[in-house]
Amino acid sequence: MKTTTRVAVIGGGVVGCSVLYHLTKLGWSDIMLLERSELTSGSTWHAAGGFHTLNGDTNMAALQGYTIRLYKELEEITGMSCGLHHVGGVTLADNQDRFDMMLAERAKHRFMGLDTEIVGPEEIKKIAPVTNVDGVIGGLYDPLDGHLDPSGTTHAYAKAARMGGATIETHCMVRETNQRPDGTWDVVTDKGTIHAEHIVNAGGLWAREVGAMAGTYMPLHPMEHIYLVTDDVPLIADIIADGGEHPHVMDPAGESYLRQEGRGLCIGFYEQNCKPWAVKGTPWDFGHELLPDDFDKIEDSITFAYDRFPALAEAGVKSVIHGPFTFAPDGNPLVGPVPGMRNYWSACGVMAGFSQGGGVGLMLAQWMTEGETERDVSAMDVARFGDWITPGYTLPKVIENYQKRFSVAYPNEELPAARPFRTTPMYDIFTDMGAVWGHQYGLEVANYFAQGDEPGYETPSFRRSDAFDAVAREVKGVREGVGITELQNFGKYRVTGTGARGWLDRVMAGRVPKQGRLALTPMLSPKGRLIGDFTISCLSETEFQLTASYGAQAYHMRWFEQNLDGDVGIENISDTRTGFSIAGPKAREVLQAVTLSDVNDMTFLDVRRLTLGMSDCIVQRVSYTGDLGYEIYCDALSQRALWSTLWNAGQEHGMSLFGMRAIMSLRLDRFFGSWLAEFSPDYTAAETGLDRFISFKKNSDFIGRAAAEAEREAGPVRKLVAFEVDAEDADVNAYEPIWLDDAVVGFCTSGGYSHYAEKSIALGLLPSDRIAPGLEVEIEILGQMRKARVLDRTLFDADGTRMRG
């Protein structure tokens with residue numbers, strides 16, 4: 001056995017073998033995989049082997065499409081069979097909400113190049129004749145859906161990796177992973193110790209245990225999952241006799257998936273009466289075993305399935321496959337460099353290994369060999385969970401995710417499990433004032449404040465929700481008076497040291513402001529992709545405050561630490577520094593009423609230390625509402641005192657509360673972008689308009705400069721623009737296709753309703769050479785073509801007099 005290697009991949013399931021293959025494909029050959037038993041041991045060997053492209057996240061869907069297309073390439077490379085059955089699949093909708101979700105997904109697929117199709121009940125009956133279509137109103141057909149041989153596919157990955165120079169050691173149990181001072185690792189196995197530059201945790205069912213060896217917690221949990229294989233079904237035999245094969249059928253109402261297996265059927269369930277497995281840890285001696293049969297938990301599911309697929313009731317059960325596989329709290333994989341650790345990578349929590357394993361392997365291999373991925377992988381980045389997450393939070397969220405595997409995913413839905421968990425000192429006060437809570441990064445965030453007969457629960461919907469009037473009231477309170485909202489859900493960082501300014505000049509693409517001022521700046525990857533949009537506040541020449549998205553804390557801290565040098569310290573103060581934002585034409589009057597300092601000379605983008613009431617604060621003259629406003633930061637321990645000061649003084653000026661729903665409406669008035677909507681690693685600064693904040697004049701070779709300058713010279717191929725949409729009861733959410741001259745030419749990044757202007761607004765990307773003020777296009781919203789026009793003037797304060805005045 002080798003004793004040194006560049007990469008040690010721990011785990012020989014489909015994901016570990018995919019990572020190994022993709023690393024060789026991108027040029028790394030001094031790599032090895034360590035498997036405690038045989039390849040496929042764990043959850044790979046007993047998987048149903050289905051694959052599909054349907055996923056609510058467009059990048060995940062694209063990577064699933066890549067995975068499916070990869071299998072034929074693997075067969076050609078290795079000469080081995082993956083047992084491919086490209087039979088297509090249809091997902092059923094038995095109510096309007098499910099059908100709306102499919103219409104939204106079909107629209108996304110148009111610009112992604114996926115050839116899915118909306119079909120009616122009669123077409124479904126022809127496509128999938130085992131289906132009873134009573135009560136079905138439509139479905140989404142995907143010709144790429146199918147299934148394969150899990151063992152054959154995994155071994156094809158392994159052979160392709162070996163052909164590229166990789167080594168695979170089976171029956172090699174990893175006992176310890178110990179990091180050396182230089183960041184490399186000693187991997188202690190029962191066959192000896194291996195010195196590795198990098199470790200990849202692809203431990204699957206044992207990923208938690210493998211992570212614990214390195215002192216890190218992997219937020220995932222195994223769930224028991226059952227599927228059945230029937231005896232021969234006459235209808236299937238007839239299809240085979242005619243040279244055909246029955247497609248997959250996903251029935252969300254019955255929480256089941258069905259496909260042909262030989263001359264019979266295979267059906268699996270995501271039952272509500274589900275059970276977690278190995279709560280205290282996965283036994284090391286578990287491997288090629290199955291769990292005891294448990295028909296009680298799927299009794300209701302089977303009853304429903306017999307009605308939907310009557311042929312099942314006529315066939316006996318030939319075999320029962322009941323085994324565990326792992327979920328992360330949101331159901332997506334955990335991939336990438338683990339925050340706070342050097343040279344330690346995650347490739348686990350991949351519950352749909354044969355839909356996602358190829359894409360996971362490709363993205364991780366790109367990350368390791370090139371420093372970044374070709375597309376935004378935020379949805380599966382291990383950094384989307386911070387160090388706040390615990391097993392006690394993970395377990396109920398995993399159970400919830402399993403139960404909702406086939407549920408409608410609404411854009412405004414707030415899932416309840418494991419909540420409230422993280423709250424600010426304002427939680428009880430805001431709850432008593434009618435707060436309707438959402439959550440971000442584990443934190444409770446007020447979406448809106450219900451008053452009178454306004455709903456205390458926002459009904460999930462693809463259309464304008466029942467919170468519409470409440471949000472309109474809050475927007476009016478800001479635009480006509482003064483509103484107040486909490487500032488907790490910003491990521492906040494304290495940068496200190498004599499080298500702080502120079503470091504910020506290198507890490508940020510924009511100008512680093514003078515003392516007492518703030519500046520907006522994009523943060524770029526080496527390839528010029530957007531990895532952050534920040535506010536830099538200069539408190540002194542050796543102290544700066546950075547603010548950005550709250551949900552990107554671990555992602556941003558990982559980047560900062562990877563690029564830290566010189567006399568610079570950086571501290572994540574997101575949960576110790578909090579505060580409020582006040583905005584509206586009367587905001588200055590409220591601020592002046594609570595401080596002895598004169599704030600009338602405080603100009604746009606100024607930052608000052610002020611005492612408000614009893615609280616020492618950092619006050620910034622800026623507001624995401626696009627209005628006259630201030631961001632007021634204080635220590636978390638004085639937040640309630642600051643609240644009393646501001647709220648009591650504000651009553652004379654008609655101060656009102658507003659939440660995140662109002663903020664997302666107010667920002668549309670000024671066409672302000674949002675992180676992971678308009679601003680993400682999928683886009684560049686020039687595409688999104690953030691290039692106006694890049695300082696090409698500064699004497700600094702900032703990260704991403706060469707790429708940004710090249711795009712500046714050539715010009716972006718596409719640009720972000722705003723549209724007014726002739727919508728009815730549904731506004732743009734994200735990824736709706738934009739049509740021009742009967743062709744899809746772009747897509748929407750986000751949208752919503754401007755309560756101030758009483759207009760439906762969308763933001764989206766169009767080819768640069770097609771953009772013109774007033775250009776008329778169509779945007780497909782829930783299957784309906786809606787006329788829209790390009791806007792070149794903001795809806796509110798177009799000359800900036802109120803915001804800057």
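This is a predicted model: local features need pLDDT of at least 70, side-chain atom pairs count only at pLDDT 80 or more; totals for chains, interfaces and linings use all residues.
Glu780 has Met785 in β37 as its bridge partner. Strand β36, residues 776–781, and strand β37, residues 784–791, run antiparallel and are joined by six bridges. A further position in the description of β37 is Arg789, which stands opposite Glu776. β36 and β37 form a hairpin, with two residues between the strands. In the turn of this hairpin, Leu782 has a positive phi of about 50 degrees.

β37 also pairs with strand β32, residues 718–725, in the antiparallel sense, and four bridges connect these two strands. Here Val790 in β37 has Phe723 opposite. The pairings of β37 with β36 and with β32 are part of a closed arrangement: six strands form a barrel in the order β32-β35-β34-β33-β36-β37, with antiparallel pairing. From one strand to the next, the twist averages 45 degrees.

Helix packing was examined for α2, residues 58–78, and α9, residues 353–370. Two packed helices are described by the angle between their axes and the distance between the axes. For this pair, the axes come within 7 Å and cross at roughly 100 degrees. Angles of 65 to 115 degrees count as roughly perpendicular, and α2 and α9 are therefore roughly perpendicular to each other. On the α2 side, the contact involves Met60, Leu63, Gln64, Tyr66, Thr67, Leu70 and Tyr71. These residues meet a set in α9 made up of Gly353, Phe354, Ser355, Gln356, Gly357, Gly358, Gly359, Leu362 and Met363. By class, the residues of the contact of α2 with α9 comprise eight nonpolar and eight polar, with no charged residues.

Helix α9 also contributes to a pocket. The second largest pocket has a volume of about 670 Å³. It is lined by 29 residues, of which Pro337, Trp367, Gly371, Trp559 and Gln562 are the closest to its centre. At least two lining residues are supplied by each of β18 (344–348), α9 and α14 (553–562). The most is given by α14, with five residues. The lining of this pocket divides into 13 nonpolar, seven polar and nine charged residues.

Notes. Residues are numbered from 1 along each chain as its sequence is written. Side-chain values use heavy atoms; hydrogens and water are left out. Axes are lines fitted to C-alpha atoms, for helices over the stretch in contact, and angles run from 0 to 180 degrees between N-to-C directions. Angles under 35 degrees count as roughly parallel, over 145 as roughly antiparallel, 65 to 115 as roughly perpendicular and the rest as oblique. Contact means heavy atoms within 4.5 Å. Ala, Val, Leu, Ile, Met, Phe, Trp, Tyr, Cys and Pro count as nonpolar, Asp, Glu, Lys and Arg as charged, and the others, Gly among them, as polar. On a 1 Å grid over the protein atoms alone, a cavity is a set of points where a 1.4 Å probe fits but cannot get out, and a pocket is an open set with protein on both sides within 12 Å along at least five of seven lines; lining residues have an atom within 4 Å of a point. Grid points are joined across faces, edges and corners, and a volume is the space filled by probe spheres set on the points. Two strands pair if DSSP finds at least two bridges between them.
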